[in-house]
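Please look at the model below before reading on.

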Amino acid sequence: MQTVKLAEQLTVPAIGIGTWSWGDGLFWSYGQDYGQSEVEGAFKAAIDQGVTFFDTAEVYGLGKSEKLIGQFLSSNPTPKSLQIATKFFPLPWRWTKATVSDALTDSLNRLQVKQIELYQVHWPFDFFLGEQALMEVLAKEVHQGRILTVGVSNYSAQKMKKAYFLLKEHGVRLAVNQVRYSLLSRQIERNGILETAKQLGITILAYSPLEQGLLTGKYRLNRTNRPQGARKLDPRFSPQGLEKVEPLLEQLEHLSQKYQKTPAQIALNWLISQGGVMPIPGAKTAEQASQNAGALNWQLSAEDFTKLDKIA
Ligand SMILES: NC(=O)c1ccc[n+]([C@@H]2O[C@H](COP(=O)([O-])OP(=O)(O)OC[C@H]3O[C@@H](n4cnc5c(N)ncnc54)[C@H](OP(=O)(O)O)[C@@H]3O)[C@@H](O)[C@H]2O)c1
């Protein structure tokens, strides 16, 4: 199994699974075209394939995603060790260090575990608490053993660097910056995030790596299949949006025949093969989770990587 090391101490598979859609009715319409049995299928299939890293957040489904993971963990005991990553949401009224620890306690309770492998700050807001106090309390939780590593999410290069040095003062390494990154979302290559993360040894956890389903090739101009939930209103999934990405989808289809892989596996492999980048594709079903795991343990040729890069 292809792995990566977070903060030089935590070995995880080179791909994870995102669980925002587990229990979220607002964006993903959980409970309509899919529900608990489908996402439990995704949970089991991911583990069967060796994808043991689960990304969630206290806000996903207002706690439902964490609760479902907790339930699945207790009803599907596995000899494999899992890695759970969740996120703290910095709200304006969380302005003391105790509110951070309390939020962690609530997440641990919903997840039904005593320790999580990665605790991330969901957005770069620190309001009245301040970044220094925030990093201080997270480092304290590492030393007390309730979290193994610390991450941030949606942090700029500058803020990520600041968090890195604040944690370093307490002997803790910043493990990840979780940001949007896919063949179609390339901002981090231009705004210094990717470069700074590489310099400091911070792993990029790439969210929406399939561009919310667009890069799987199942939503195409010439097909009637359209996404559910909030994506119905997203211009990227409109006929004009789909027309724009058609050349990339054609290239993904071409490569999928060449490598005998699916377009989703090609798009995920493009991220993995860069090194220092770990995608966390969301999966709602066993089929999607198994398929995404197939992005591991092989590599696009340098020539095909570049071709894909250029077309995107
Ligand atoms: N930190 C943050 O601010 C932030 C923001 C967004 C996401 N995230 C994290 O990143 C994870 C992934 O991002 P995402 O869910 O936004 O987008 P994504 O991974 O790009 O796309 C996920 C969606 O694509 C479709 N899909 C996935 N695998 C497929 C396959 N093999 N074949 C066909 N369709 C497939 C599914 O939707 P359909 O079947 O309905 O098409 C699935 O819900 C989230 O779950 C969450 O953990 C974090």
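Which helix gives the most residues to the shell around the ligand? Helix α10 does, with three residues. This is a predicted model, in which local features need pLDDT of at least 70 and side-chain atom pairs count only at pLDDT 80 or more, while totals for chains, interfaces and linings use all residues. Residues are numbered from 1 along each chain as its sequence is written. Helices (H or I, at least four residues) and strands (E, at least two) are DSSP runs, numbered from the N terminus.

**Ligand shell**

- The ligand is surrounded by 29 residues, and the closest are G18, Y207, L210, G213 and G282.
- By class, the shell holds nine nonpolar, 16 polar and four charged residues. Ala, Val, Leu, Ile, Met, Phe, Trp, Tyr, Cys and Pro count as nonpolar, Asp, Glu, Lys and Arg as charged, and the others, Gly among them, as polar.

**Helix α10 and its cover**

- Six of the eight residues of α10 are buried, and the helix is mostly covered. A residue is buried if 20 or more other C-beta atoms lie within 10 Å of its own, exposed if 12 or fewer, and partly exposed in between, with C-beta atoms placed from the backbone.
- The buried residues of α10 are A286, Q288, A289, Q291, N292 and A293.
- Their cover includes β3 (17–18), α1 and α9.

**Packing of α1 on α10**

- Two packed helices are described by the angle between their axes and the distance between the axes. Axes are lines fitted to C-alpha atoms, for helices over the stretch in contact, and angles run from 0 to 180 degrees between N-to-C directions.
- Helix α1 (residues 36–48) and helix α10 (residues 286–293) have axes that come within 7 Å and cross at roughly 25 degrees.
- The two helices α1 and α10 are therefore roughly parallel to each other. Angles under 35 degrees count as roughly parallel, over 145 as roughly antiparallel, 65 to 115 as roughly perpendicular and the rest as oblique.
- The crossing of α1 past α10 is right-handed. A crossing is right-handed if the near helix is turned clockwise from the far one by less than a right angle, and left-handed if anticlockwise.
- On the α1 side the contact uses G41, A42, K44, A45 and A46, and on the α10 side A286, Q288, A289, S290 and A293. Two residues are in contact if their C-beta atoms, placed from the backbone, lie within 7 Å.
- This contact of α1 with α10 has six nonpolar, three polar and one charged residues.

**Packing of α8 on α9**

- The axes of α8 and α9 are 8 Å apart, and the helices pack at an angle of about 95 degrees. Helices α8 and α9 are therefore roughly perpendicular to each other.
- L252, E253, L255, S256 and Y259 of α8 make the contact with P263, I266 and A267 of α9.
- By class, the contact of α8 with α9 has six nonpolar, one polar and one charged residues.

**Two residues of α8**

- L255 sits in helix α8 and is buried, with 22 other C-beta atoms within 10 Å.
- Not counting residues up to four places away in sequence, L255 touches I266, D304 and L308. L255 and L308 are 53 residues apart along the chain, and their C-alpha atoms are separated by 9.1 Å.
- K258 is also in helix α8, but K258 is exposed, with 12 other C-beta atoms within 10 Å.

**Loop residues**

- P281 lies in the loop between β10 (277–279) and α10, and P281 is buried, with 30 other C-beta atoms within 10 Å.
- P281 touches I17, G18, P209, L210, L268 and N292, leaving out residues up to four places away in sequence.
- L62, in the loop between β4 (53–55) and α2 (64–75), has a positive phi near 50 degrees and is not a glycine. L62 is partly exposed, with 13 other C-beta atoms within 10 Å.
- Q260, in the loop between α8 (239–259) and α9 (263–272), has a positive phi of about 55 degrees although it is not a glycine. Q260 is exposed, with 8 other C-beta atoms within 10 Å.

Technical notes
A residue is near a molecule or strand if its C-beta atom, placed from the backbone, lies within 6 Å of it.
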